[in-house]
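I opened this notebook to keep track of what I looked up in a structure that was new to me.

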Amino acid sequence: MGGERNFDFESIMLRLLQNFGGLARQTSSFGSIFGSRSVGGGLLTSLPRASFGNFKIDRGQVVFKRWRIVRGDKVFVRNGKDKGKTGKVIRVYRKKNQLLVQGVNVKLQRVKGQAEKDTLGGVRQKVHPIHVSKCMLIDPSTGKPTKIRFGFLTDGQKVRISKTTNTIIPKPVFPGSSPKVRNKNKIDGPKDTPPEKVIEVTYQGEDFAKIKREFEEFIREKERRERLLVFQE
């Protein structure tokens with residue numbers, strides 16, 4: 001009878017990938033797509049780094065752990081279409097690694113009019129965020145952009161220090177954003193707990209003597225029931 005037919009696994013997978021997307025046209029072999037460790041026991045243990053046709057792999061944004069620029073800082077734009085401009089940071093988008101800088105990356109936006117609010121439509125300017133890597137912190141002592149490092153004061157407070165002049169760059173302070181200032185003139189409502197109720201001591205602790213008596217009573221009752229049990233020999 002006829003001999004056994006030999007199937008080439010790499011050629012079969014390349015043919016499938018050619019029908020699925022354009023990834024196979026950019027590579028020469030199956031091993032260059034998935035790696036040498038991916039074809040073990042017939043299982044694909046790693047995904048390709050390219051896209052399959054119209055399907056793209058979203059790897060997400062790598063969020064910075066330490067931020068050197070905060071809201072209220074004055075920054076210098078070092079590249080992009082707004083290179084050379086300076087502005088104040090209005091908002092920080094930490095999940096996207098972006099900054100909203102005043103007067104930077106301004107775009108035109110068409111707005112529709114609203115008859116209910118009696119507003120007219122037209123074109124207005126809107127500030128869009130830019131990536132934090134395009135900005136540098138400005139040294140307040142020189143007014144020029146500088147790199148910074150972190151240091152600690154004698155009381156343990158963490159501060160930003162300019163690498164150019166070794167001067168401390170303090171973080172902007174917003175007194176109105178603290179809870180103490182926001183609740184300064186607040187009037188207590190019916191659901192607010194009064195101060196005398198807050199400091200009142202209502203927990204007297206556990207009564208260990210009572211717990212001991214209950215435990216001893218439980219043991220006596222258990223022993224009494226065990227004595228009543230009769231077992232046949």
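Before counting anything, I noted that a salt bridge is a side-chain nitrogen of Lys or Arg within 4 Å of a carboxyl oxygen of Asp or Glu. I also noted that this is a predicted model, in which local features need pLDDT of at least 70 and side-chain atom pairs count only at pLDDT 80 or more, while totals for chains, interfaces and linings use all residues. Residues are numbered from 1 along each chain as its sequence is written, and side-chain values use heavy atoms, with hydrogens and water left out.

**Entry: salt bridges**

How many salt bridges does the structure hold? I found 6 salt bridges. As background, side chains of opposite charge can pair when their charged atoms come close.

I looked up Asp73 and Arg160, whose side chains meet in a salt bridge at 2.7 Å, N to O. Asp73 lies in the loop between β2 (43-44) and β3 (74-77) and Arg160 in strand β11, so this pair ties together parts that are 87 residues apart in sequence.

Asp73 counts as buried at 5% relative accessibility, and Arg160 counts as buried at 1%.

Lys85 forms a salt bridge with Asp82, with the closest N and O atoms 3.3 Å apart. Here Lys85 is partly exposed at 38%, whereas Asp82 is buried, with a relative accessible area of 10%.

In helix α5 (residues 208-228) I found Arg225 and Glu221, which lie 4 residues apart, about one turn of the helix. Their salt bridge has its closest N and O atoms 3.2 Å apart. Arg225 is exposed at 54% and Glu221 is partly exposed at 26%. I also noted that Glu221, Arg224 and Arg225 are linked in a network of salt bridges.

**Entry: the whole chain**

I then stepped back to the protein as a whole, whose secondary structure comes to 5 helices and 12 strands. Of its 233 residues, 19% count as buried. Taking a contact as heavy atoms within 4.5 Å, I read that among contacts between residues at least 6 apart in sequence, 40% join residues at least 24 apart.

Which residues have a positive phi although they are not glycine? Among them I found Asn105, with a phi of about 55°, and Asn166, with a phi of about 60°. For comparison, most residues other than glycine have a negative phi.

Asn105 sits in the loop between β5 (98-101) and β6 (106-111) and is buried, with a relative accessible area of 11%. Asn166 sits in the loop between β11 and β12 and is exposed, with a relative accessible area of 52%.

Where is Val62 found? I placed Val62 in the loop between β2 and β3, where this residue is exposed at 66% relative accessible area. Val62 and Lys96 are 34 residues apart in sequence and 8.2 Å apart in space, C-alpha to C-alpha.

Definitions and conventions. Helices (H or I, at least four residues) and strands (E, at least two) are DSSP runs, numbered from the N terminus. Buried means under 20% relative accessible area, exposed over 50%, partly exposed in between (1.4 Å probe, protein chains only).
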